[in-house]
Amino acid sequence: MSWRRRVGLAGLGAIVVVAVLAGVVAWLNVRGEAPLGAPAPRVAASAEQLARGEALTRAGDCTGCHTARGGRFLAGGRAIETPFGNVFASNLTPDAETGLGRWSADEFWRALHHGRSKSGRLLYPAFPYPNYTRVSRDDADAMFAYVQSIPAVTRRNVAHTLAFPFGTQAALAIWRALYFRPAEHVDDPTRSAEWNRGAYLVEGLGHCNACHSARNALGATRGTLDLQGGLIPVQNWYAPSLASPREASVAGWPKHDVVQLLKTGIAPQGFVMGPMSDVVLNSTQHLSDADAAAMATYLQALPPPPESEPAPAETARPSARGAALYKDHCVACHGERGEGVPKAYPALAGSRAVTMRSSANLVHVVLEGGFPPSTAGNPRPFGMPPFAPVLQDADVAELLSFVRASWGNRAAPVSTLDVAKARAGRE
Amino acid sequence: MAQRVLACTGCHGPEGRAAPDGYYPRIAGKPAGYLYNQLLNFRDGRRSYALMTNLLAPLDDAYLREIAGHFAGLDLPYPASAPVALAPADAAAAARLVDEGDASRGLPACNACHGAAMTGTAPFVPGLLGLPRDYLNAQLGAWRNGKRVAQEPDCMAQVAKKLAPEEIGLISAWLAGRPVPAGAKPAAAFAAPMPMACGGVATSGAAGAPR
């Protein structure tokens, strides 16, 4: 066989392989999709449907991304920062030119369930359709009716700014072939109705695992059931494991306290800060008591991870410098023995937020300060001042290492590098 | 309330008296409406300072109004202003801009809105005395280059864009060196109609987007 012929055959083979792969990828992207029928005539939504749609839209925290800072409700424009570039949330208001005004309920359902836009374009999974795919058709219709009822805002969508090749539909098709599969919530008959409702909310609209799960190099989680904790890309806040007793498991709490945390942002055991403040503010505080209780039931039943993580290789030791810094900057609120003040300043002694393996959130809180959200149940939260303008990185490291090693706390020290990285990320 | 807002006084000084570093401004005794508007502007991204924006992100309008009212209600003496050395000609030029403006450029006098004694006008217009030179310089500069934005119509942006950078430097230095009168309080009302329309004054009660 001449070399020309060999190269020709190899080339032909390569073309066939690529064509077959492309065909498989294309098929994987539309599997399970029924063709859209003729647009159904719009039926006026009932008051019940609108109210349910609003509650579900809140439960999905749509406004967390689709309302820009200071912008009009659900009119889009906020940049979702990802390691691959920025994805800009779209306008969900019923404006005909720039929003969802010309969408049908079928197209809205296809976006939620299959992750495709009105035009058929594949959507980026920054829009958490790997979770929303579990929303029922009836609930999707209620959400659609609700977003069609809010004030229309004319605001053109902003083009995403993603690095090559992530901005291409082909790359997205491959990602979806690897990691996305349309799914439906199926009740587990061995569990209570309340647990099943919780599972539906946590895995679906709540999209809790979008933060509380680690992501691989291509930004995919290990599935909607995985709530083992993860570092939130770009923001570098650590969303703790909701299953691990060392992190944020609520299995041992009175259920009432879990409901209280979701609805008010504060519970006797601690309160939310950072990105979770926004989630409580925009989403979980609006849950009905029944839905908050269902979420709590589901979260409390999460099985603990199979093996408890090993004790830290190195435990921080309280240093004189750390103690002095604590006395200067922290003791007035958090107390001589890290005991805090109930409902105002959190205890640091015995706090899992202090001792869990990742120190990312501690560094964030010391540098940036923060408030829990103002909610109906906690309208006037107490705040922590930002220390970024006051403390050097080495001081923050000494201080946190002291806190992680005092009053019975036993956790690894925090390094100056840990602090420097967090500061570089936010300033 | 002071216990709830220790997050503010870490930078703005005990009771909001201003920090010694000459940047974080005094907030104690500023008009309540002005402070409330600034809190909204930071939270909603019109003013750009990441620490403030992140801090305020989870707080609602009602609580921000209460925080503004708390600091506005603090009546604390001002420290003596540090004297600022300006050449007589520069000081005269600065004083003329502040007291008279420049009609040929459509520049109003500062005291037309900020009070005859430049101690502000309740409830929306802040005083200009007792503020650090660096802070004044940075704010006027930020308005001039669009980094600080207020509600539309943004009168201070229009004013700052009519000023030359050297004039901003002179005005900041001159204002920072003026003594604050004893018992300084914002004027109760404007002496004459405002020379410009200002969104922060007109849309006083406007809340942000539904949240």
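**Notes on the predicted two-chain model**

1. Residues are numbered from 1 along each chain as its sequence is written, with chains lettered from A and ligands numbered from 1 in the order in which they are written.

2. On confidence overall, chain B has a mean pLDDT of 88, with 94% of its residues at 70 or more. Please treat residues 203–211 of chain B separately: pLDDT stays under 50 there, and the model has 15 contacts beyond four places in sequence for them. Two residues are in contact if their C-beta atoms, placed from the backbone, lie within 7 Å. For the complex, the predictor gives an ipTM of 0.86 and a pTM of 0.89.

3. Now the interface: 29 residues of chain A are in contact with 24 residues of chain B. Helix α10 (residues 275–282) of chain A supplies the largest share of the chain A side, 3 residues. That side divides into 14 nonpolar, 8 polar and 7 charged residues. Ala, Val, Leu, Ile, Met, Phe, Trp, Tyr, Cys and Pro count as nonpolar, Asp, Glu, Lys and Arg as charged, and the others, Gly among them, as polar.

4. Chain A is divided into domain 1 (45–179), domain 2 (193–300) and domain 3 (320–426), with bounds from an automatic or database domain assignment.

5. The largest nonpolar core has 58 residues, and Leu262(A), Met295(A), Ala296(A) and Leu299(A) have the most contacts inside it. Domains 1 and 2 of chain A both give residues to this core, so it lies between them. Such a core is a set of buried Ala, Val, Leu, Ile, Met, Phe, Trp, Tyr and Cys residues joined through C-beta atoms within 7 Å; buried means that 20 or more other C-beta atoms lie within 10 Å of the residue's own, placed from the backbone.

Definitions and conventions. This is a predicted model: local features need pLDDT of at least 70, side-chain atom pairs count only at pLDDT 80 or more; totals for chains, interfaces and linings use all residues. Helices (H or I, at least four residues) and strands (E, at least two) are DSSP runs, numbered from the N terminus. A residue is buried if 20 or more other C-beta atoms lie within 10 Å of its own, exposed if 12 or fewer, and partly exposed in between; C-beta atoms are placed from the backbone. pLDDT is the predictor's confidence in each residue, from 0 to 100.
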